[in-house]
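User: I am new to this structure and would like to learn how to read its features one at a time. Could you take me through them?

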Amino acid sequence: MADSGRAKTAAGESPSCGRRKGESPGSSSPGSSRRKPPQSPGSRSKQPANNNGHSFRKVTLTKPTFCHHCSDFIWGLVGYICEVCNFMSHEKCLKHVRTVCSCMAPTLVRVPVAHCFGPAGQKKRFCCVCRKNLEGSAALRCEVCELHVHSDCAPFSCSDCRLCHQDGGQDYDMYHHHWREGNMASGARCEVCRRACSSSDVLSGMRCEWCGITAHASCYVIISPECSLGRLRGMILHPSCVRVCSRNFSKMHCYRISETLPQCDLDNLDDVDVQSPVASKENQSSGSSDTGKQTLRVFDGDDAVKRNQFRLVSIPRITKNEEVVEAALRSFYIPDEPQDYELQIHTQPGLLTDDIINRNGTPDNKAVFKESQPEAWLLRAKPREVELLKIYAGWLKVGVGYISITVGKSSTVDSVIKEVLTQLGKEDENPEDFNLLEVFMSSKQVQRQVLAGQELVLEKMREIRKGSLRQMNQTRFYIVESRNRIVQVDLLLGGLPLQLSTEEYTQLLQQHLAIKSHLVTITHMYAGQGAVALRISCFSEAERIYMLAKDTNINGKQLTSLVIPEIMQSKLAKGSCPLLVFVNPKSGGLKGREILYGFRKLLNPHQVFELTSGGPLPGLHAFREVPHFRMLVCGGDGTVGWVLGVLESIRHKLSCPEPAIGIVPLGTGNDLARVLRWGAGYSGEDHYSILVSVDEAEEVEMDRWTILLDAQEMTEDGKQNGFLEPPKIVQMNNYFGLGIDAELSLDFHHAREEEPDKFNSRFHNKGVYVKVGLQKLSHTRNLHKDLRLQVDKQDIELPSIEGLIFLNIPSWGSGADLWGSDSDARFGKPRIDDGMLEVVGVTGVVHMGQVQSGLRSGIRIAQGSYIRIIVTKPIPVQVDGEPWIQAPGQIIISAAGPKVRMLKKSKVKQKKQSGSLREGRAESPVPGEGAN
């Protein structure tokens with residue numbers, strides 16, 4: 001890229017200065033009219049720009065201001081501000097500034113990786129482009145690397161997200177720290193000097209998004225570049241072990257991230273400023289209050305003109321042409337000299353190329369920009385006979401970042417490749433084995449295009465600049481080997497009919513999706529889940545199937561389609577145990593969404609799965625060849641049971657058939673989480689601390705039970721007494737209830753189905769339980785007359801009760817101890833792994849309330865491992881909180897195969913982690929960090 005050839009310039013060079021829409025960039029006016037011919041106008045400041053791209057100007061401070069370098073308060077009235085990125089500094093700090101200006105961000109990218117933008121959170125954050133506070137403005141954050149930007153600054157951020165996988169055949173020997181500036185946890189300390197390096201007042205300090213170490217901007221440059229992934233490295237899925245062929249898929253698709261922004265907003269992320277009535281009023285009012293200023297609309301190319309996307313630039317009414325061009329360049333964050341650009345009048349019929357205001361228009365050779373000039377202008381690059389072009393060779397592992405060559409009018413792609421190979425010391429290589437690749441590093445998508453051999457490079461660069469100068473600033477050229485890469489895209493299609501054969505699934509896919517058998521192979525089949533895994537050897541076919549499946553219904557059921565990463569177990573570190581995370585974003589109100597977001601940032605997003613997108617199967621399928629892993633389920637007891645059920649059905653297809661499972665309690669009762677010490681409910685705990693607790697948790701075994709429901713005397717239409725026949729077999733983890741407690745659960749279930757939006761907090765849910773319980777106070781049900789009970793083939797006489805409950809864990813109804821703690825010679829002490837169920841009765845709603853308040857316990861009836869219940873009339877039942885009406889018949893409860901491994905939180909209080917590692921991770925889900 002020719003313009004980026006000036007990235008590392010002399011101290012006198014001035015990069016561009018950008019501003020958010022509607023702001024009045026008063027600082028764009030130069031302080032002096034004298035300048036040396038080869039020197040950029042921005043360097044006339046009292047302090048010259050350094051080679052980090054800043055252009056500092058001395059300003060008088062009118063409000064409390066902090067230095068962005070040392071984060072200390074600037075005493076006095078004088079400070080220095082960068083006219084490009086608003087970096088503020090003490091005079092004494094200027095020579096120590098190491099932070100790179102926003103306009104130079106594309107030059108720091110090692111491997112271009114697009115961002116996944118979503119709506120910003122509620123905490124105070126600063127924009128990583130213009131460095132201003134995000135409060136009170138439309139803002140976005142990256143779901144993977146936590147980049148924070150204003151919505152209208154997003155187009156000027158580049159593809160500097162975390163590299164979380166190998167893309168196709170690309171391979172990287174070493175993974176570097178991924179640094180992001182500012183927005184760190186309070187109290188973070190520098191890894192080098194051990195002093196505090198965070199600030200709540202400005203964008204300051206650096207933090208690695210993988211290992212979490214923090215440092216000052218002047219200290220982090222001496223830290224070894226290789227990243228060890230930090231304290232959580234044992235549970236992080238290393239990027240070198242993950243492969244995804246993602247050419248035709250956005251990062252949102254690859255990471256299975258739901259698009260929470262409206263699609264129109266996502267489509268406009270690369271747009272610059274679109275005029276709105278509000279902005280127009282603001283500009284009119286500012287212009288009338290300051291008669292010495294005028295506001296211009298500036299377009300950076302033909303694409304912006306077609307879409308009416310412009311930047312607003314405020315300048316004095318009488319000023320030098322070069323200063324106007326400089327202000328326009330800064331508004332688009334272009335780090336070039338204004339002498340290489342010109343402004344053309346933009347009119348509706350077309351461009352008046354004769355009206356170029358950079359041409360000398362006065363006798364004394366000092367052109368002026370007068371009040372009578374039009375308000376809309378088009379910023380153009382002046383034609384050049386030769387260009388300085390950077391060719392990057394980072395993907396070839398040759399030990400050099402890029403080389404610079406000069407291209408002229410006759411330079412073709414083939415000639416450029418030959419010259420580059422010569423400079424790389426590869427003269428013996430065949431140039432036909434290499435391609436020149438154009439890479440556009442926009443914030444939301446990385447676009448790659450192979451250039452034809454006879455294409456004129458200089459003409460190509462002019463074409464890009466004509467379309468968009470901003471795009472040219474974010475474009476690179478790479479030399480890559482032109483070997484044929486194996487295309488291998490893995491998709492998982494769900495929502496298919498259950499229990500079909502491979503041939504039947506193939507016919508079904510050919511009928512509805514018209515798959516091409518020579519390109520598509522069914523590699524795995526999950527008939528019990530109604531899902532198949534496809535391996536596709538063509539990008540366009542994979543994209544077509546992916547999009548078509550999302551719009552296809554089979555037997556009235558919507559299909560799901562997900563891109564599945566390939567985990568290369570041969571590259572996993574010895575002894576590693578990656579964590580597979582499942583999050584139910586519908587649990588716990590909005591907390592599930594924040595947890596999903598936080599774990600994506602702390603871990604590799606390829607190991608975090610959203611249960612509303614295909615359930616637990618996609619994650620288990622992705623980890624099928626991992627020899628040893630753990631799981632973390634974020635949801636209520638029902639969510640845990642769902643994951644355990646799917647795990648049980650496909651465990652024979654997993655290399656690790658019995659992964660240990662931890663819990664983040666997001667439900668209402670969370671009884672299983674209470675027993676395993678994970679707490680009564682999630683209340684905003686630090687996500688990093690949760691992962692450390694999972695890493696330190698001990699493994700315990702827990703019984704699971706199979707309930708066989710043998711309903712009898714069903715009518716021909718499958719109904720009895722108005723109720724549908726329940727499932728024949730269900731799995732139980734916590735408890736199984738008949739009678740009054742199941743009736744309360746059923747009433748709650750019906751209330752939630754009627755108004756699901758209201759059931760978004762544990763407090764409200766428990767309130768509904770109390771309400772339905774009060775309605776049952778006068779209700780009597782002689783349950784003992786409607787049931788016959790056998791425990792281990794022994795008939796048990798039931799007392800007068802209204803509810804019968806079978807316990808697998810010592811917690812029931814949101815933490816109540818129904819069995820009780822009193823010793824009893826007739827029974828053993830209950831454990832979750834003793835292979836026994838505890839049978840308890842309750843006499844009614846009042847008794848249940850007393851148990852909940854700790855005043856009483858239930859009526860102990862029996863303990864056993866094999867239960868038979870004979871039901872003589874329809875009765876409410878519930879399994880782990882899921883209720884229905886059970887028809888008359890037999891119910892048999894028996895052990896369900898092998899015990900499951902659970903993670904029990906350690907009692908040992910965690911030692912406070914010293915230094916920046918712990919503090920840097922303290923609020924890791926929310927800071928905006930991460931660019932290399």
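Predicted model: local features only at pLDDT ≥ 70, side-chain atom pairs only at ≥ 80, totals over all residues.

User: Where does S811 lie, and is S811 buried or exposed?

Analyst: S811 is found in the loop between β44 (803–807) and β45 (837–842). Buried means under 20% relative accessible area, and S811 counts as buried because its relative accessibility is 4%.

User: Which residues is S811 in contact with, leaving aside its neighbours within four places in sequence?

Analyst: With those neighbours left aside, S811 is in contact with D671, R674, V675, Y735 and A816.

User: Let us turn to salt bridges. How many does the structure hold, and how far apart are the closest N and O atoms of D695 and R231?

Analyst: The structure holds 29 salt bridges. One of them is formed by D695 with R231, whose closest N and O atoms are 2.6 Å apart. This pair links distant parts of the chain, since D695 is in helix α16 while R231 is in the loop between β10 (214–215) and β11 (242–244), 464 residues apart.

User: How much of D695, of R231 and of helix α16 is covered?

Analyst: D695 is partly exposed, with a relative accessible area of 34%, and R231 also counts as partly exposed, at 22% relative accessibility. Helix α16, which spans residues 687–696, is mostly covered, with 8 of its 10 residues buried. Among the buried residues of α16 are H687, Y688 and V694.

User: Which other residues form salt bridges, and are E387 and R384 buried or exposed?

Analyst: The side chains of E387 and R384 meet in a salt bridge of 3.2 Å, taken from N to O, and both of these residues are buried. R600 forms a salt bridge with E610, and here the closest N and O atoms are 3.7 Å apart. R600 lies in helix α12 (residues 591–602) and E610 in strand β33 (residues 608–610), so the pair ties together parts that are 10 residues apart in sequence. Both R600 and E610 are buried. Salt bridges can also join into a network, as they do for R57, E83, E326 and R330.

User: How is a pair of aromatic rings described, and how many aromatic pairs are there?

Analyst: The description of two aromatic rings rests on the distance of their centres and the angle of their planes. The count here comes to 14 aromatic pairs. F582 and F609 form a tilted pair, at 6.3 Å centre to centre and with 50 degrees between the planes. This pair links distant parts of the chain, with F582 in strand β32 (residues 579–583) and F609 in strand β33, 27 residues apart. F582 counts as buried at 0% relative accessibility, and F609 counts as buried at 2%.

User: Why is the pair of W819 and F827 edge-to-face?

Analyst: Planes over 60 degrees apart count as edge-to-face. The planes of W819 and F827 stand at 75 degrees, with the ring centres 5.2 Å apart, so the pair is edge-to-face. W819 is buried, with a relative accessible area of 5%, and F827 is buried as well, with 16%. Elsewhere, ring pairs link F66, F73 and W75 into a cluster.

How values were computed. Residues numbered from 1 in each chain as written. Heavy atoms only, no water. Helix = DSSP H or I, 4+ residues; strand = E, 2+ residues; numbered from the N terminus. Buried < 20%, exposed > 50% of the residue type's maximum accessible area, 1.4 Å probe, protein only. Contact = heavy atoms within 4.5 Å. Salt bridge = Lys/Arg side-chain N within 4 Å of Asp/Glu carboxyl O. Phe/Tyr/Trp six-rings, centres within 6.5 Å; stacked < 30°, edge-to-face > 60°.
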